[in-house]
Amino acid sequence: MTEENRLAMLTFNAWADAFTPAEIDRIVADGDSLMPERVQLAGTAPGDHVAAAERLRITHTAWIDRNPDTLWLCARMQAVAQSLNDQTYQYDLRGFSENFQYTVYHGNEGGHYDWHVDHGPLPAPRKLSMTVQLTDPSQYQGCNLEFCAGGNVEIAPRDRGTVVAFPSYVLHRVTPITAGVRKSLVVWTTGPKFR
Amino acid sequence: MSQGNGQYGSTLPFAAWGGAFTPAELDRIEAYGDGLTTAKATVAGDAPQGKEDDASRISRTAWIARNAETDWFYVRMERIARTLNDQLWQFSISGFSELFQYTIYNGQEQAYFDWHVDQGFVEVPRKLSFSLQLSHGSQYEGCDLQFHAGRLVETAPRERGVVIAFPSYVLHRVTPITSGTRKSVVIWITGPKFK
């Protein structure tokens, strides 16, 4: 196993240009039309009177379901997941049991998502998580998708159209956005629990 | 074998099992470990044989071979491992393909082991990791075994005789020891890579 492959196993795998600019535009238009709602998770100190930076998460999200307009997107994500899984992970994956999450971080409200893992007590556990970068990196500051499996914190590429994939158990976060707006699509591939 | 405290809350990234060993058995393990020459620990990395890397780890380790004197300990740990795995994880596990690691953290050396996961650099994948606390929590300061699988860092119990178990992909560390000596046995159960 190469060093690069090891790192990919432990943290993330990036697939550049998984979507054309026109396709990204289409996803963003779809997502924006769903009017993403503000999601705020308090984390350790529940209640409304919590400073932005103290919160676990501040984002706007909308859910993209499977319909004739989005079939192409599901098919593309399926193909990306399958290729990456064949190359690197060889997990037993069965598909997408959740809708895709269109996620927007706003610089004017300190959008972020602190350290967490994606798998939870679900009937269909999340196994391979994927984030599609939908915003050109010049359009926002901060808002890095970061991973930690020991040693250094690894920063995912920010390029528009890149898919970043990682085992759902890997610790990751999105650092606070300090300017601009970052849009992303978050997709979980599910299957029988890890064994 | 008594389950003692049993497992902690299921939302924690680790399980703890108290009372699996009698004080006399713990004394026996400790005496055996102390009789082995302990070398300064290496951290697997660039060099094929591992490298001494004070930046991420300072501790002393020795390997407990399986022999007539230690067989009972291997048998006991396998029962504990399989029971916990059956209850909590249901991972596909094969057995112990590595020797048990007797590990000493010394206050004078300010020993520690920074954040890491147990996967990644071994040929046979580690699936579950175990740490057996051999020292009384009152015999040393610092040297907490901690887990990071969410926003909060969780600390493992320090009681002598407790076995702490966790999936090998969970990020964990041992904080610096500021006084006294902490002895533990670290054990990995291996199996086919996660599917």
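Modeller: A charge sits over a ring if NZ of Lys or CZ of Arg is within 6 Å of the ring centre and within 35 degrees of the ring normal. This is a predicted model, where local features need pLDDT of at least 70, side-chain atom pairs count only at pLDDT 80 or more, and totals for chains, interfaces and linings use all residues. Residues are numbered from 1 along each chain as its sequence is written, chains are lettered from A and ligands numbered from 1 in the order in which they are written, and side-chain values use heavy atoms, without hydrogens and water.

Biologist: Over which ring does the charged end of Arg126(B) sit?

Modeller: Lys127(B) lies over the face of Phe194(B), 4.7 Å from the ring centre. For Arg126(B), the distance to the ring centre is 3.8 Å, and the ring is that of Trp188(B).

Biologist: How many aromatic pairs are there over all chains?

Modeller: Rings of Phe, Tyr and Trp (its six-membered ring) pair if their centres lie within 6.5 Å; planes under 30 degrees apart count as stacked, over 60 as edge-to-face and the rest as tilted. By this rule the count over all chains is 24 aromatic pairs.

Biologist: Which arrangement do Phe21(B) and Trp72(B) form: stacked or edge-to-face?

Modeller: Their ring centres are 6.3 Å apart.

Biologist: Is Phe21(B) buried or exposed?

Modeller: Buried means under 20% relative accessible area, exposed over 50%, partly exposed in between (1.4 Å probe, protein chains only). Phe21(B) has 6%, so Phe21(B) is buried.

Biologist: How many helices and strands are there in chain B?

Modeller: Helices (H or I, at least four residues) and strands (E, at least two) are DSSP runs, numbered from the N terminus. Chain B has two helices and 13 strands.

Biologist: What span does helix 2 of chain B reach from its first C-alpha to its last?

Modeller: Helix 2 of chain B has 19 residues.

Biologist: Which residue takes a positive phi just after helix 2 of chain B?

Modeller: Among the buried residues of that helix are Leu84(B), Asn85(B) and Trp89(B). Just after the helix, phi is about 55° at Gln90(B).

Biologist: What share of the residues in chain B is buried?

Modeller: Chain B has 195 residues. The buried share is 54%.

Note on methods:
The expected span of a helix is 1.5 Å times one less than its number of residues.
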